[in-house]
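Please follow this walk through the structure one step at a time, keeping the sequence beside the picture as you read.

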Amino acid sequence: MKLYGSTTSPYVRRIRLYLAMLADKNKTDSLYQFVNMDIFSEAGRAQLLADNPTLKVPYLVDAEQNIFDSRVIFRYLNKKHSQPELSWREENLLTVIDAVNDSLVSLFLIKRSGLDNTQDYLFFNLQNERAATIISQLNTEVLNGNFEVWDYPTICLFCLLDWASLRELFPFDEFPALTKLMQKYKEQENLSSAVKETDPRN
Ligand SMILES: N[C@@H](CCC(=O)N[C@@H](CS)C(=O)NCC(=O)O)C(=O)O
């Protein structure tokens, strides 16, 4: 099984951490081969164009099967490894995490395009409003004792937070519960090798 992606993408990292969790459960070292791509390089674009019309990472190739999108990859892996389905509450949490992640990716790409994403434009305002609303809601969820277990929604939140703090996309100082949660999982011994191996700063 080959996972195509970049080392910086939070969507790719969530699948790598989930695969590490599944490998642990299966008492094996690794379940996949990671194909590290630079999606903005000429070679990366050519590879994306050949494999995946969404032109996004991650995608997974398992024998003849090509699967696009982290959410669908997660479902595919879950089925393959006979894991329980997510509850509707967990599905909603994922939708919320994906919504803020997508908005922050857009804001990041706008910044990389040399534009000031804090300017008063409808598209920028909508992304900033969604990011602020959801981050605050997630902070409340954490204060209420959610995300205490290292499962797929927690992995997705962790990857979002670590990436957004690396890219300085949000004033996390204002949300200490989120920063504390991220730190807790970085320091958790049983996770440390997978968390370090997939650190977007590598
Ligand atoms: N819904 C997709 C989102 C994936 C995504 O946005 N990936 C980003 C990297 S973090 C990407 O490939 N962006 C390229 C682009 O937007 O052109 C998923 O869950 O896999």
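In this predicted model, Pro58 lies in the loop that runs between helix 2 (42–51) and strand 3 (59–62). The peptide bond that links Val57 to Pro58 is cis, with an omega of about 10°.

Two further loop residues deserve a look for their backbone angles. Lys27, which sits in the loop between helix 1 (10–25) and strand 2 (33–36), has a phi near 50°, a positive value in a residue other than glycine. Ala63, placed in the loop between strand 3 and strand 4 (65–68), is not a glycine either, and its phi is positive at about 55°. Are these residues buried or exposed? Lys27 has a relative accessible area of 78%, and because exposed means over 50%, Lys27 counts as exposed. Ala63 has a relative accessible area of 64%, so Ala63 counts as exposed by that cut-off.

From the loops we can turn to the sheet. It is an open sheet of four strands in the order 2-1-3-4, and its pairing is mixed. Strand 2 and strand 4 stand at the edges, and because each has a single partner strand, one side of each is left without a neighbour in the sheet. On average, and with direction ignored, neighbouring strands of this sheet are turned by 20° against each other. Within the sheet, strand 1 (residues 2–5) and strand 3 run antiparallel and are joined by three bridges, and Tyr4 stands opposite Tyr59 in strand 3.

Helices pack on this sheet as well. Helix 1 touches strand 1 and strand 2, and its direction makes about 155° with that of strand 1. Helix 2 touches strand 1, strand 3 and strand 4, while its direction makes about 60° with that of strand 3.

Helix 1 also meets another helix. The axes of helix 1 and helix 6 (residues 152–166) come within 9 Å and cross at roughly 140°, which means that helix 1 is oblique to helix 6. The crossing in which helix 1 passes helix 6 is right-handed. Which residues of helix 1 meet helix 6? They are Pro10, Arg13, Arg14, Ile15, Leu17, Tyr18 and Met21, and their counterparts in helix 6 are Tyr152, Ile155, Cys156, Phe158, Cys159, Leu160, Asp162 and Trp163. Sorted by class, this contact of helix 1 with helix 6 has 12 nonpolar residues, three charged residues and no polar ones.

Conventions:
Residues numbered from 1 in each chain as written. Predicted model: local features only at pLDDT ≥ 70, side-chain atom pairs only at ≥ 80, totals over all residues. Heavy atoms only, no water. Helix = DSSP H or I, 4+ residues; strand = E, 2+ residues; numbered from the N terminus. Buried < 20%, exposed > 50% of the residue type's maximum accessible area, 1.4 Å probe, protein only. Axes fitted to C-alpha atoms, helices over the stretch in contact; angles between N-to-C directions. Parallel < 35°, antiparallel > 145°, perpendicular 65-115°, else oblique. Left-handed = near helix turned anticlockwise from the far one by under 90°. Contact = heavy atoms within 4.5 Å. Nonpolar A, V, L, I, M, F, W, Y, C, P; charged D, E, K, R; others polar. Pairing = 2+ DSSP bridges.
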